[in-house]
Amino acid sequence: MAKVRTAILISGGGSNMEALIAASRRPDYPAEIVLVVASNHEAGGIAKAKAAGVPAVSFDHRAYDREGLERAVDAELENAGVELVCLAGWMRLLSPYLIGRWRDRMINIHPSLLPEFKGLHTHRRALEAGKTEHGCTVHFVRQDVDSGPIIAQAKVPVLPGDTEEILAARVLAEEHKLYPYALELVASGRVRVEGEEILRRG
Ligand code: GRF
């Protein structure tokens with residue numbers, strides 16, 4: 001079975017990246033992580049990717065305008081023969097250029113039960129809203145931030161006494177299971193997207 005050549009785009013510590021790399025090592029896993037791209041040279045995930053034997057490149061996003069950075073990233077993706085892109089804590093807004101180039105072939109993880117709490121500080125906002133349930137979502141990327149057809153979600157309870165940090169850690173532990181699961185669905189072809197509709201088989 002040929003594995004789907006997959007890249008991961010990061011800006012930070014890369015714990016979701018690590019979870020995806022670990023899953024991809026399973027012989028029967030349908031995706032192979034062939035490249036990690038970081039938006040800044042300080043991203044902690046770069047060293048972790050290299051330690052795991054995955055090629056990693058980084059950019060200083062401040063040296064580019066938005067589309068310039070995306071063209072440079074896209075050239076790396078093309079060079080590596082990438083077929084599928086996972087955003088995992090990529091903290092740059094994307095322009096129509098990269099989103100159009102990778103339409104239906106780019107997925108993202110977001111730490112909320114979308115469509116609730118798009119954007120930043122999701123855990124704080126869930127607490128402030130008095131939610132009893134929170135979680136994370138993997139979705140296909142569309143132009144509107146944190147929108148796009150939903151592939152999978154995982155829920156966690158919000159418990160009495162939760163702080164933002166405690167809740168974030170509970171969600172992150174679920175992210176590390178959800179993202180490998182969602183990538184498996186997409187890379188295996190069990191989930192695909194047509195227009196704005198998710199199609200499942202098997
Ligand atoms: C995760 O919470 C992810 O959902 C969000 O950014 C965070 C990245 O964490 N988009 P890490 O770099 O994977 O540890």
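Me: How many aromatic pairs does a search of the whole structure find?

Reply: The model is predicted: local features need pLDDT of at least 70, side-chain atom pairs count only at pLDDT 80 or more, and totals for chains, interfaces and linings use all residues. Residues are numbered from 1 along each chain as its sequence is written, and side-chain values use heavy atoms, with hydrogens and water left out. Rings of Phe, Tyr and Trp (its six-membered ring) pair if their centres lie within 6.5 Å. Under that criterion, the number of aromatic pairs found is 1.

Me: Is the pair formed by the rings of Phe59 and Tyr64 stacked or edge-to-face?

Reply: Planes under 30 degrees apart count as stacked, over 60 as edge-to-face and the rest as tilted. The ring centres of Phe59 and Tyr64 are 5.9 Å apart and the planes meet at 80°, so the pair is edge-to-face.

Me: Is Tyr64 buried or partly exposed?

Reply: Buried means under 20% relative accessible area, exposed over 50%, and partly exposed in between (1.4 Å probe, protein chains only). Phe59 has a relative accessible area of 9% and is therefore buried. Tyr64 has a value of 34%, so this residue is partly exposed.

Me: Over the ring of which residue does the charged end of Arg105 sit?

Reply: A charge sits over a ring if NZ of Lys or CZ of Arg is within 6 Å of the ring centre and within 35 degrees of the ring normal. The charged end of Arg71 sits in this way over Tyr97, 4.3 Å from the ring centre. For Arg105 the distance to the ring centre is 4.1 Å, and the residue is Trp102.

Me: Which strands stand at the edges of the sheet?

Reply: Strands (E, at least two residues) and helices (H or I, at least four) are DSSP runs numbered from the N terminus, and two strands pair if DSSP finds at least two bridges between them. The open sheet has 7 strands in the order β3-β2-β1-β4-β5-β6-β7, with mixed pairing. The twist averages 20° from one strand to the next. Two strands have a single partner each, so one side of each is left without a neighbour in the sheet: β3 (56–58) and β7 (150–157).

Me: How many bridges join β6 to β7?

Reply: Strand β6 (residues 133–140) pairs with β5 (residues 106–110) in the antiparallel sense over 4 bridges, and Ile109 stands opposite Val138. Because 7 of its 8 residues are buried, β6 is largely enclosed by the rest of the structure. Toward β7, Cys136 has Ala154 as its bridge partner. The strands β6 and β7 run antiparallel, and the number of bridges joining them is 7.

Me: Is Ser39 buried or exposed?

Reply: Ser39 lies in the loop between β2 (31–38) and α2 (45–51). Contact means heavy atoms within 4.5 Å; residues up to four places away in sequence not counted, Ser39 touches Ile10, Ser11, Phe59, Asp60, His61, Trp90 and Arg92. The relative accessible area of Ser39 is 1%, so the residue is buried.

Methods
Axes are lines fitted to C-alpha atoms, for helices over the stretch in contact, and angles run from 0 to 180 degrees between N-to-C directions.
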